[in-house]
Amino acid sequence: MRDLTSGGNLPLPDGPVSVRVPGPFDISALITGDDGKVSGDGDFVFFNQPATPGARLAPGGLTVDPRRLRAGATRVTVVVSPAEPGAALGALPAPVLCVAADGQGALARFAPARPDRETVLLLAEIYRRGPGWKLRALGQGYADGLAGLARDFGVEVTEDDPGPDAGPDADPATTALVNAVRRRAGVPPLASDARLVAAARAHAAAMAAQGRLDATGPDGASVFQRVTAGGYAYVRIAEHLVSGPRTVDAFLDYCLGEGRAGAGHPAHDPALTHVGIAHAVAASGDTYWTALWAEPLTDGSLARTVAEVLALTNAERAAAGLRPLGADARLAAAAQAYSADMAARGFYSHTSPEGTEPWDRAAAAGAGHRGIGENIACGQRSPAEVVQGWMDSPGHRANILKPGFTHLGVGYAGGGPAGTYWTQLFGMA
């Protein structure tokens, strides 16, 4: 086995080779042609995209088979970064690259000079030379983080406009840093959604224009309205509005760094499956960030949400010695339509702008109950939070615990100024 120094070369045998870096590190790879640029986001191999033709990440490291790389690929750059986002490599044990080949065992090792403030290190490159392939030891530190490195190789990241044709994963480098946190928490990875990225970008720009953090921009649109206007319907959403950090790494370190990404943090919530992160710089030079974490609205996620509200409501009734409420499809239809209307038109009242009352809406949906009651709420982010809020309010609590009510319909909608709108429509048989 050879010990390589920076700039040293090693001829590689035909077939797959593996590289690994033991310790608290993450390995990534960028596949490029002679111009040093990727041909697309598919050429960036990282935690959220662990495989591409000819390169695959596995728990043991990275395996590269040069024969199977995409057409035009002439170089694979191997990158190492701290497993903890925002950490400095200089605070960790010195990384050591180990190279091996199938059937031949260890081929070489490379121990670069110990990094200092760098957050990313280009360890080596596997490159074509004539008909064969070689490995060159690099050891080049990179202070701009994984996102900055990927951008310099031609990968779209959040700070740049991905354009109208951007795919669902428009910022893979940023998503990789977030998913490193989720991976250590045992949570499935997030996917970046171009609609959330666009909404985050628009809201960051709005905050920069008015020079302050605010859920509502100078145009009167809330961050939630920007999300739904872009075509993303959500059943759950969490937002981070931050000013100050200058880079993606600094922003993520602020949000997700040690002690700030506990079990209740959106980065650790397995139900939140999509993310969009963007920033804008104000005329003052201050940087404003918006991060959106969301679970998309589907028939299944909506059904689970309203069923949970019903179950929690009946748990409160059971604790008070009352009979449970039965689900009623007609009351549910009226409740759902009213939540959607409040979200779409941005109002919050038991009386609609047209003057209809809860019993009017129940009757219009075909519900024939003798008595009708209604609870509404806005801003709460989960069934548990909204039911608890109702139980803490005497008037709403009285509806939940009214012995004469026998049926319930639940509605939920995301959007509007408040972000979430909830409706309970009670019926008396």
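Two strands are said to pair if DSSP finds at least two bridges between them. Helices (H or I, at least four residues) and strands (E, at least two) are DSSP runs, numbered from the N terminus. The model is predicted: local features need pLDDT of at least 70, side-chain atom pairs count only at pLDDT 80 or more, and totals for chains, interfaces and linings use all residues. Residues are numbered from 1 along each chain as its sequence is written, and side-chain values use heavy atoms, with hydrogens and water left out.

**View 1. Strand E16 and its partners.** Strand E14 (residues 191-192) pairs with E16 in the parallel sense over two bridges, and here Ser192 stands opposite Val275. With strand E17 (residues 287-296), E16 pairs in the antiparallel sense over eight bridges; Gly276 faces Leu292 across this pairing. Five residues lie between the strands of the E16 and E17 hairpin, where Gly285 takes a positive phi near 95 degrees. Seven of the eight residues of E16 are buried (under 20% relative accessible area, against over 50% for exposed and in between for partly exposed; 1.4 Å probe, protein chains only).

**View 2. Ala271 in its loop.** Ala271 is found between helix H5 (248-256) and strand E16 (274-281). Its relative accessible area is 25%, so Ala271 counts as partly exposed. Leaving aside residues up to four places away in sequence, Ala271 is in contact (heavy atoms within 4.5 Å) with Arg236 and Glu295.

**View 3. An open sheet of seven strands.** The strands follow the order E1-E11-E10-E3-E8-E7-E6, and their pairing is mixed. Strand E1 (2-4) and strand E6 (51-52) are the edge strands, each pairing on one side only. Within the sheet, strand E3 (residues 17-20) and strand E10 (residues 97-101) pair in the antiparallel sense over four bridges, with Ser18 opposite Ala100.

View 4. Just after H7, Gly346 takes a positive phi of about 70 degrees.
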